[in-house]
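Reader: I am new to this structure and would like to learn how to read it. Could you take me through it step by step?

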Amino acid sequence: MDEDRSMKRKESQNSSTGHGLECLTKDKKPVKAAVLQQDIGLISGICLIVGTMIGSGIFISPKSVLLYSGAVGPCLLIWAACGVLAALGALCYAELGTMITKSGGEYSYLMEAFGPLPAYLFSWTSVMVLKPSSFAIITLSFAEYASAPFYPGCTPPLVVTKCLSAAAIFLIVSINCLSVKLANYVQNFFTLAKLFIILIIVVAGMVMLAQGNTENLSNAFGGTSPSVGSIGLAFYNGLWAYDGWNELNFITEELKNPFRNLPLAILIGIPLVSVCYVLVNVSYFTVMTPTEMLASPAVAVTFGDRVLHPLSWIVPLFVVFSTFGSANGSCFTAGRLAYVSGREGHMVKILSYISLRRYTPAPALIFNGALAILYIIPADINILINYFSFVQWSIHGLTALTIIVMRFTRKKLHRPVKVPIVIPGVIILVSCYLVLAPIIDKPELEYLYCTIFIFSGLLLYYPFVHLKVKWARNIMRPITIHLQLLMEVVPPEKIE
């Protein structure tokens with residue numbers, strides 16, 4: 001009798017840790033190891049980089065870059081310089097990603113170089129603000145373009161765009177929870193769609209140039225001289241369009257042959273996007289004056305109306321495809337960051353659990369989607385872009401510093417890719433400029449609020465992560481068990 005009771009007790013304990021769920025599926029099919037699977041090849045990696053970078057930015061940021069740069073010439077130079085910066089930053093991340101082959105991007109590198117506290121502050125800021133706000137910004141752009149045809153001649157009601165944005169978030173999260181391969185197929189399809197519309201805009205612009213429409217490019221550097229802070233804000237908005245060059249580092253554990261495919265995808269994807277962006281902006285200026293571009297509610301749509309009529313409907317349709325694909329890529333990588341930080345104990349453990357049937361980090365994906373829906377309620381796109389970039393480039397600079405630090409503290413680590421040390425030095429200097437210049441030029445309380453929020457994470461770190469207070473674990477344990485049974489998720493197997 002005592003042995004029977006002991007066996008029943010063990011079975012109930014197994015069910016609370018996920019092993020009971022595993023047994024339920026054994027009769028149906030063999031169960032793989034409870035880890036994220038290596039399903040992403042080179043083509044999918046390139047599509048993730050290109051598809052995440054080319055999203056709403058190239059259709060929104062041209063106005064803001066022009067506004068802060070002051071003229072056509074500086075505007076085009078800033079677009080090209082942003083491409084160079086993205087390429088240099090990505091080379092730094094290629095060294096880090098092939099040296100530390102863990103998912104989570106900057107989180108894993110900060111953990112290795114500086115220890116758990118900086119890594120925790122990064123995960124706290126990114127999981128709670130940066131990733132979901134980025135997701136919200138992109139889906140709001142998607143909603144604006146998707147709803148525009150139904151409200152000709154006027155701006156779509158705010159409630160319509162926000163509801164449509166929430167619906168897009170729900171759909172994208174569902175796709176990513178169902179299957180990694182399905183999410184990859186969606187990403188690849190929409191990447192091809194956005195490259196198609198970019199090609200249409202570029203070819204149409206070249207035709208306009210050949211016809212002699214060069215007035216806006218002939219006196220490209222005439223106009224007002226921008227201030228140091230204005231140039232910083234122009235770079236903010238340009239780099240927002242390039243955002244996504246580091247996304248592949250968040251899914252390193254799911255890459256096939258990461259030592260080859262990670263740097264190769266970066267070397268192919270980022271130059272391709274850079275060339276596309278500069279040519280697209282040249283095409284815009286063949287049709288619109290700077291004043292007309294600043295007055296346009298949707299630059300790409302205005303371009304299509306003037307050049308592609310009566311097929312102008314193609315542009316907003318493919319812009320919708322582009323923003324949807326970018327949102328899908330953002331969601332895909334954001335879930336991996338929350339998953340890794342949960343696995344390390346810096347977030348609640350349920351975020352590190354994996355779907356037993358789908359092998360996706362479903363709890364982390366759902367959490368990111370829920371926060372994104374909250375952020376679309378008060379969202380103003382331009383304000384979000386400015387403050388998002390302020391924090392993001394602080395992180396990029398600190399991550400570049402990890403390369404220099406680990407050249408001295410981790411000399412024995414294998415480095416399949418090794419960049420000249422001057423490159424991370426350049427990224428650190430640029431990051432300092434992008435963070436400090438707008439604050440010095442025009443101090444605002446919002447920058448202080450962002451800083452306070454980042455360090456407010458320490459209030460949670462000390463009791464819950466460092467001390468691991470017992471009462472918090474007692475509260476979370478039944479919640480974790482119920483969520484685990486509801487979503488059919490299990491803890492990941494340890495990575496050696």
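Author: Gladly! Let us start with burial: a residue is buried under 20% relative accessible area, exposed over 50%, and partly exposed in between, using a 1.4 Å probe and protein chains only. S322, at 0% relative accessibility, therefore counts as buried. Before we go on, please note that this is a predicted model, in which local features need pLDDT of at least 70 and side-chain atom pairs count only at pLDDT 80 or more, while totals for chains, interfaces and linings use all residues. Residues are numbered from 1 along each chain as its sequence is written, and side-chain values use heavy atoms, with hydrogens and water left out.

Reader: How many helices and strands does the secondary structure of the chain come to?

Author: Helices (H or I, at least four residues) and strands (E, at least two) are DSSP runs, numbered from the N terminus. In this chain there are 21 helices and two strands.

Reader: What should the 30 residues of helix α15 span?

Author: The expected span of a helix is 1.5 Å times one less than its number of residues. For α15 (residues 314-343) that gives 44 Å, and the C-alpha atoms at its ends are 44 Å apart, so the two values agree. This helix is mostly covered, with 28 of its 30 residues buried. Just after α15, G345 takes a positive phi of about 90°.

Reader: Which residues is S322 in contact with?

Author: Contact means heavy atoms within 4.5 Å. Leaving aside neighbours within four places in sequence, S322 meets I54, G55, F59 and K194. Another residue to look at is F142: S322 and F142 are 180 residues apart in sequence, and their C-alpha atoms are 8.2 Å apart in space. For the chain, take the contacts between residues at least 6 apart in sequence: 84% of them join residues at least 24 apart.

Reader: What percentage of the 496 residues in the chain do buried residues make up?

Author: Buried residues make up 55% of them. For the surface, accessible areas come from the Shrake-Rupley method with a 1.4 Å probe, and for residues only the protein chains shown count as cover. The accessible surface of the chain comes to about 21700 Å², and 68% of that belongs to carbon and sulfur atoms.

Reader: How many residues does the largest nonpolar core have?

Author: In soluble globular proteins, nonpolar side chains tend to be buried together. A nonpolar core is a set of buried Ala, Val, Leu, Ile, Met, Phe, Trp, Tyr and Cys residues joined through side-chain atoms within 4.5 Å. Here the largest one has 139 residues, and Y277 and Y284 have the most contacts inside it. Helix α7 (residues 116-147) gives the most to this core, with 15 residues. Not counting residues up to four places away in sequence, Y284 touches several residues, including I58, F59, P62 and I201.

Reader: How many aromatic pairs does a search of the whole structure find?

Author: A pair of aromatic rings is described by the distance of the centres and the angle of the planes. Rings of Phe, Tyr and Trp (its six-membered ring) pair if their centres lie within 6.5 Å; planes under 30 degrees apart count as stacked, over 60 as edge-to-face and the rest as tilted. The search finds 17 such pairs. F189 and F190 form an edge-to-face pair, at 5.1 Å centre to centre with 80° between the planes. F464 and W471 are also edge-to-face, at 5.8 Å and 75°. In that pair, F464 counts as partly exposed because its relative accessibility is 37%, and W471 is exposed, with a relative accessible area of 53%. Ring pairs also link F142, F189, F190, F196, F318, F321 and F324 into a cluster.

Reader: Where does the charged end of K131 sit?

Author: A charge sits over a ring if NZ of Lys or CZ of Arg is within 6 Å of the ring centre and within 35 degrees of the ring normal. The charged end of K131 sits over the ring of F250, 4.0 Å from its centre. R336 lies over the face of F332, at 4.0 Å from the ring centre.

Reader: Is the peptide bond from H309 to P310 cis or trans?

Author: That bond is cis, with omega near 10°. P310 is found in the loop between α14 (299-307) and α15.
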